[in-house]
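The following note is intended for a colleague who is meeting this structure for the first time. Its points are numbered so that each may be read beside the model.

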Amino acid sequence: MKLWKIGWMLAVVGVVVAGCPTREPDDTCAQDSDCAASQRCEVATGQCVAMTDGGMDGGDTGEVDGGTDGGTDGGMNGGVDGGTDGGADGGASCVDASDCLASEFCDPTSKVCVPKCTTDTDCGEGHTCDTATGQCEEKVVDRNLSCTNDSNCLEAEICHPTAKVCVRTCASSADCPDSAKACDLLSASDTRKVCKCSTDSLCNLDRDTPDLVCSNQDKVCAPRCTEDVDCAAGRICETSTGQCQAWGGTGAPCTGEGQSTCDYGTHFCGTNQCTPLSAPTCANYENFANKDYLGTTGPILYNARLVGVVTDSAYCGSTTPKRVKIALSAYNNRPFPTTRSGLGGFFFVRVDGTMVDATGLMLSASGNYTVSGDNQERAELIVNLCYPSTSTSVSTGFFFTNGNFLCYQATF
């Protein structure tokens with residue numbers, strides 16, 4: 001072909017090509033794969049935008065502060081070295097866990113997504129993995145578990161409503177620590193599930209001091225009690241076991257009556273078991289203003305019974321002729337006096353809270369004061385109270401100085 005013809009044809013093609021409109025690159029997207037390698041898809045606008053240092057690929061090379069390797073090192077290793085404070089470099093920014101992948105959590109300090117831990121080995125020295133949250137936490141070997149409400153406890157824990165200790169919530173036993181491996185209902189009336197224990201020794205796993213017990217009442221690890229004030233309301237301390245027991249519960253086996261081998265000032269031996277003393281709930285106690293007179297070191301009243309009711313105007317007078325005889329049982333850590341005249345510090349408390357010397361309510365006749373026991377450690381005291389002839393019930397309260405308060409109510 002002639003050269004001039006070839007030149008003419010190329011010129012025509014050039015004109016045609018130059019005259020066709022050019023197509024702009026399509027920068028719309030629905031996902032990251034719709035964008036160039038150096039871009040990501042901003043779903044909110046549907047536009048491809050340039051990666052930033054905070055992006056998941058970490059910038060230009062993927063190997064610096066946040067690339068595949070940098071993100072892993074900055075995330076998990078940061079958690080390993082510093083608990084929940086680690087992993088500030090490399091993760092996507094976040095406000096809460098919903099901004100992160102399922103395998104990540106939103107670090108509350110740095111506000112970036114950090115890989116979750118799965119075992120203690122993912123965390124550094126002095127830290128443990130909270131598998132419920134995937135966060136590395138500082139190991140507190142002898143942490144105090146006592147609480148009054150949920151705010152006193154860690155995330156994924158609640159304050160047990162009766163034991164008043166922090167307990168882990170769970171969906172299965174896999175969520176529970178080795179110290180309390182059973183995941184069970186909180187109670188018969190509460191369907192929340194918590195981690196429950198089986199033995200004292202497991203409760204003290206990894207603790208420097210074995211100061212926890214597996215509560216008989218709630219099956220959760222709780223501090224060992226030494227006195228009643230260590231226990232929640234409505235419970236008293238069985239010091240021989242360190243257990244907080246409910247009022248009216250039973251404890252160790254015993255023989256005889258009174259104190260026997262039971263804890264002084266909190267229990268008595270009844271039906272061959274150490275039984276907590278009854279809690280005072282009568283109006284006599286509620287209205288009594290001198291509760292500082294009470295304690296657990298003085299003579300202890302552990303039982304009361306109605307002996308009889310008679311009309312006795314000579315003793316009681318015509319206005320309140322009904323004489324009600326009540327027998328009280330007490331034990332002491334030293335011998336009771338052999339006669340009523342040597343007895344002191346024994347009081348009757350009326351419904352209005354006023355107190356009366358109860359030794360004056362004991363008749364001098366034989367049988368109204370009896371001492372027994374090898375060391376004269378037990379006594380039975382019969383008091384006489386006067387009421388109107390129309391009375392069909394009584395509410396009474398009694399105590400020894402530095403002893404317990406005993407409520408006794410009778411209907412006749």
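**Notes on the predicted model**

1. The secondary structure of the protein chain amounts to 5 helices and 24 strands. Of the chain's 412 residues, 40% count as buried. The chain exposes about 22400 Å², and carbon and sulfur atoms supply 51% of that area.

2. Disulfides deserve attention next. A disulfide is a covalent bond between the sulfur atoms of two cysteines. How many disulfides does a search of the whole structure find? The search finds 16. Three of them are described in the points that follow.

3. Cys-170 and Cys-183 are joined by a disulfide, with an S to S distance of 2.1 Å. This pair links distant parts of the chain, 13 residues apart: Cys-170 is in the loop between strand S8 (166-168) and strand S9 (182-187), while Cys-183 is in strand S9 itself. The torsion about the S-S bond of Cys-170 and Cys-183 is about 100°, and the disulfide is therefore right-handed. Both Cys-170 and Cys-183 are buried.

4. A disulfide is also formed by Cys-197 and Cys-214, whose sulfur atoms are 2.1 Å apart. Cys-197 lies in the loop between strand S10 (190-196) and helix H3 (200-203), and Cys-214 lies in strand S11 (residues 212-214), so the pair ties together parts that are 17 residues apart in sequence. The link of Cys-197 and Cys-214 is right-handed, with 95° about the S-S bond. Are these two cysteines buried or exposed? Taking under 20% relative accessible area as the cut-off for buried, Cys-197 is buried because its value is 8%, and Cys-214 is buried because its value is 3%.

5. In the disulfide of Cys-231 and Cys-244, the sulfur atoms are 2.1 Å apart. Cys-231 belongs to the loop between strand S12 (221-223) and strand S13 (235-238), and Cys-244 belongs to strand S14 (residues 243-246), so parts 13 residues apart in sequence are tied together by the pair. The link of Cys-231 and Cys-244 is left-handed, with -85° about the S-S bond. Cys-231 has a relative accessible area of 13% and is buried; Cys-244, with a relative accessible area of 15%, is buried.

6. A hairpin is formed by S15 and S16, with 2 residues between them. Strand S15 (residues 267-270) pairs with strand S16 (residues 273-276) in the antiparallel sense over 4 bridges. Within this pairing, the bridge partner of Phe-268 is Thr-275 in S16. In the turn, Thr-271 has a positive phi of about 50°.

7. Strands of a sheet pair through backbone hydrogen bonds, either parallel or antiparallel. What is the strand order in the open sheet of 4 strands? The order is S20-S19-S23-S24, with antiparallel pairing. Strand S20 (355-357) and S24 are the edge strands, each pairing on one side only. From one strand to the next, the twist averages 30°. S23 and S24 run antiparallel and are joined by 7 bridges. One example is Gly-397, whose bridge partner in S24 is Cys-407.

8. In soluble globular proteins, nonpolar side chains tend to be buried together. In this model, the largest nonpolar core has 25 residues, and those with the most contacts inside it are Leu-328, Leu-343, Phe-346, Leu-381, Phe-398 and Phe-400. The elements giving two or more residues to this core are strand S17 (300-311), strand S18 (322-331), strand S19 (346-349), strand S22 (378-387), strand S23 (393-400) and strand S24 (405-411). Which element supplies the largest share? That element is S22, with 5 residues.

9. Not counting residues up to four places away in sequence, Phe-400 touches Tyr-293, Pro-299, Leu-301, Ala-330, Phe-336, Leu-343, Gly-344, Gly-345, Phe-346 and Leu-381.

Technical notes: Residues numbered from 1 in each chain as written. Predicted model: local features only at pLDDT ≥ 70, side-chain atom pairs only at ≥ 80, totals over all residues. Heavy atoms only, no water. Disulfide = S-S within 2.5 Å. Buried < 20%, exposed > 50% of the residue type's maximum accessible area, 1.4 Å probe, protein only. Pairing = 2+ DSSP bridges. Core = buried A, V, L, I, M, F, W, Y, C linked by side-chain atoms within 4.5 Å. Contact = heavy atoms within 4.5 Å. Areas by Shrake-Rupley, 256 points an atom, 1.4 Å probe, with all protein chains shown as cover. Axes fitted to C-alpha atoms, helices over the stretch in contact; angles between N-to-C directions.
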